[in-house]
Amino acid sequence: MDGSLEKMVDPTLAEMGKNLNEAMKMLEDNQRKVEEENEKKYARKDIPGPLQGSGQDMVSILQLVQNLMHGEEEEETSQSYSSSVLACRLQNVGEQGHMALLGHSLAAYISVLDRERLRKLTTRILSDTTLWLCRLFRYENGSAYYHEDDREGLLKICRLVIHTRYEDYTLEGFNVLYTKQPVIYISSAARTGLGQALCNQLGLPLSCMCRVPCNTMFGSQHQMDVALLDRLIKDDVEFGKLPLLLVANAGTPGAGHTDKLGRLKELCEQHKMWLHVEGVNLATLALGYVSSSVLAATKCDSMTLTLGSWLGLPAVPAVTLYRHEDPSLSLAAGLTSSQPVEKLRALPLWLSLQYLGHDGIVERIKHASQLSQRLLENLKNLDFIKTSVEDELSSPVVVFKFFQEYSNRDQTSHAAQASTIQRPIITNEGHIYDTFNQWLGEQLAQLVPASGVDVVELEDEGTCVRFSPLMTSAVLGTEMQDIDQLVDCLKMKIPVLTSTLQLREEFEQEVRRTVGLLYIEDLGWPGLGVVRYNYHSDGKNDDKQEKELEKINTELLKKLNELESDLTFSLGPEFGGQKNCVYIGMVTEDLDVSELVETIAATGREIEENSRLLENMTEVVRKGIQEAQLQLQKANEERLLEEGLLRQIPVVGSVLNWFSPFQASPKGRTFNLTAGSLESTESMYVSKAQGTGSTPPPTPTSNLAKQRLPGQKAFKRSLRSSDGFSETSSISHCDDLDKLDQRPSNLSPGQEQGPLEMEREEEQKEVAQAKTDTEDIHSDKSSPDCTKVEDQASQR
């Protein structure tokens, strides 16, 4: 590219392109360095200072930009997901993105040309871009307005319609609106805050905005109810209002559904209303095959296109295509401008469209549609996944959620187990599913950041996971393998979700049955549940009880995390969570809930008993010290009485002690921590050793931890059942041996001898042989040796 820049006639343009390439290369190189080096969060160079008089070079300025772009996010470990997404976005900017960035630099350069040359150049750029877009998106005889804010185009269209419907608006202004109030109709599935933003910018009251509900009985629940809209328009006309404009969706912001644009267009023509369409599905107008619902958008009065996200072009303006015959009204509404500089907004898009070409634009939109279709086909084969798409054959937006649903097939297959296994009754089912789907969407976004999935809140479905490749794939560079990886991650998360949902009710029941534990219902926690160990206070005040409760539960959480298990224990969310609780995360199907709850209760009791022991020991030691001081003071008084008053006089006492020494045995005190009593030290002086006292009681521990085998994970149901099976089998084997030992030794003539009977017969023969040998050696039956041999034989 450097060689082609050198061949340019204008050296300024060549230098501009070269500087842009160097700047982008420098930013990309610095991004790699930031990943290896971490600086302090509040570095001295990041603090704003006075503007330097001599100025700075380009490298220093770009380095400052680099630090502002990546510095804080790379330092925060909690922002790893944001950093990966940002790196993925910057990696896929590509040359087409450089062309868009070059357009902004060229716009600044072109603006300094002479007026006549600037007029010709801007007219050519504007006419070419408008013609290409109208042909590409099948919008014949249209004009274009380029704007930075995607809502600005609709705002200008509203001004145009007001100028058109109110002929005296230019002269009288808002006075004409007072006599006949205008009404703008938007769908309840439209972007949040769109109606309020329009009223604020137009200076209209909120009563001029009418929200049209979606279908409730027939059709998609995200499409505008046409029959109800017709009644609303007729009611407004009867009240003397003027229906002005209708904002429809070709791809709602949430679910990506398209309104019935054909019927809405007929309704607007009937009431002389303006129809404006926006949405992500408008991008499919560039494809060879377009659904009839989206194709009807070509007949609307205006539409807004967001090409930046569809094609992955940074910093390109949005475009509003419209049809209107009066250019003076378009100029009054702000859709056109007489200033040539305003027309330069289309320059980045003009360069990018030429760089991509018609085939490149169509290929990007087609690739995004294929990604959504690939995901939709895989989701159909997954259990417990419910999709919400408008068209099963072609849907640019895929919305799905986790939902455990028991079909007739499942009920038939489990009919034999209905008496023993029942589906748990889940209370507040909607809130729990919203929480689980929120967790699922966040997990998928972290595991596969290139997929661009996010979490969306829908009015009827609740919390869902959305995949809209038209808005993200071109920027993130999403490929087919990313979709396959997304499906694989989803397959791994579904068993965890189903197991946690099924065991959640069992965990609640076990906790409520266990003494000392309190179940905390937190519908916003994606996991097994929340539990708190209740501290048994002995008349303590609330502040001290709260501190003890916090101390015990914190120590309980620490000990639970030290166990070798696959569970995650935490203090819960940073904001909005309950205090002094243990939050348990997602679990698998082999979890033994009873063992888990029993371990939590036993560990809590252990911590509480240790805390009480330490507290009681502190109180006992304090009282023992006070008692020892009193006894020592009493002993000193007794010693004074025994020695007499004369011995206390300094000189006289020494002489008296020399003539008549006073023999007094030392009396000390020792405190027995085990017994909690104060004892005399006389025994120590006698035995010259300190007594050990009684052995302290052992610290209570949980027996469940001792029963686990080495290397066995805690709270596993399958491992515990196998251990129980081995113990049962060993016990039954010992019982069988005992039964064999109790069988009689004399068998009937026709009865066969087993191995045990044959062994006993051999032992009897050995005993008889031993007696015979003894008779041969010793004739005296009463000798000690003979008696010993007989005893040994009888014992055998």
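Strand 7 (residues 318-322) is largely enclosed by the rest of the structure, because five of its five residues are buried. Here, buried means under 20% relative accessible area, exposed means over 50%, and partly exposed lies in between, with a 1.4 Å probe and protein chains only. Strands (E, at least two residues) and helices (H or I, at least four residues) are DSSP runs, numbered from the N terminus. The model is predicted: local features need pLDDT of at least 70, side-chain atom pairs count only at pLDDT 80 or more, and totals for chains, interfaces and linings use all residues. Residues are numbered from 1 along each chain as its sequence is written, and side-chain values use heavy atoms, with hydrogens and water left out.

In a regular strand the side chains alternate between the two faces of the sheet. In strand 7, Ala-318, Thr-320 and Tyr-322 point one way, Val-319 and Leu-321 point the other way, and all are buried. Two strands pair if DSSP finds at least two bridges between them. Strand 7 runs antiparallel to strand 1, and five bridges join them; Tyr-146 stands opposite Val-319 of strand 7. Strand 7 also pairs with strand 6 (residues 302-305), in the antiparallel sense, over four bridges. In that pairing, Met-303 stands opposite Leu-321.

A further sheet is open and has four strands in the order 12-13-15-14, with antiparallel pairing. Strand 12 (517-520) and strand 14 (569-570) stand at its edges with a single partner strand each, so one side of each is left without a neighbour in the sheet. Two bridges connect strand 14 with strand 15 (residues 582-584) in the antiparallel sense. Ser-570 has Tyr-583 of strand 15 as its bridge partner.

Glu-278 lies in strand 5. Glu-278 counts as buried because its relative accessible area is 7%. Its side chain makes a polar contact with the side chain of Arg-191 at 3.2 Å. A polar contact is a pair of N or O atoms within 3.5 Å; within protein, one must be able to donate a hydrogen and the other to accept it, and residues adjacent in sequence count only if both atoms are side-chain atoms. Contact in general means heavy atoms within 4.5 Å. Not counting residues up to four places away in sequence, Glu-278 touches Arg-191, Leu-194, Val-247, Ala-248, Asn-249, Ala-250, Gly-251 and Thr-304.

Thr-284 is found in the loop between strand 5 and helix 13 (292-295). Thr-284 is buried, with a relative accessible area of 10%. The side chain of Thr-284 reaches the backbone oxygen of Asn-281 at 2.6 Å. Apart from residues up to four places away in sequence, Thr-284 touches Tyr-289, Val-290, Val-294, Ile-365, Ser-369 and Pro-396.

Two residues in other loops have a positive phi. Asn-141, although not a glycine, has a phi of about 55°. It sits in the loop between helix 6 (115-136) and strand 1 (143-147), and it counts as exposed at 74% relative accessibility. Lys-272 is likewise not a glycine and has a positive phi of about 55°. Its place is the loop between helix 12 (261-270) and strand 5 (274-278). Lys-272 is exposed, with a relative accessible area of 63%.

Helix 19 (residues 429-447) has 19 residues and reaches 27 Å from its first C-alpha to its last, close to the 27 Å expected at 1.5 Å a residue. The expected span is 1.5 Å times one less than the number of residues in the helix. The buried residues of helix 19 include Ile-432, Tyr-433, Phe-436, Trp-439, Leu-440 and Leu-444.

A search of the whole structure finds zero disulfides. Cys-208 is in no disulfide, and the nearest cysteine sulfur, that of Cys-199, is 6.2 Å away. A disulfide is defined as a pair of cysteine sulfur atoms within 2.5 Å. Cys-208 is buried at a relative accessible area of 1%, and Cys-581 also counts as buried at 2% relative accessibility.

Overall, the secondary structure of the protein comes to 29 helices and 17 strands. Of its 796 residues, 41% count as buried. Among contacts with a separation of 6 or more, 68% are between residues 24 or more positions apart. The protein exposes about 46,000 Å², of which carbon and sulfur atoms supply 52%. Accessible areas come from the Shrake-Rupley method with a 1.4 Å probe, and for residues only the protein chains shown count as cover.
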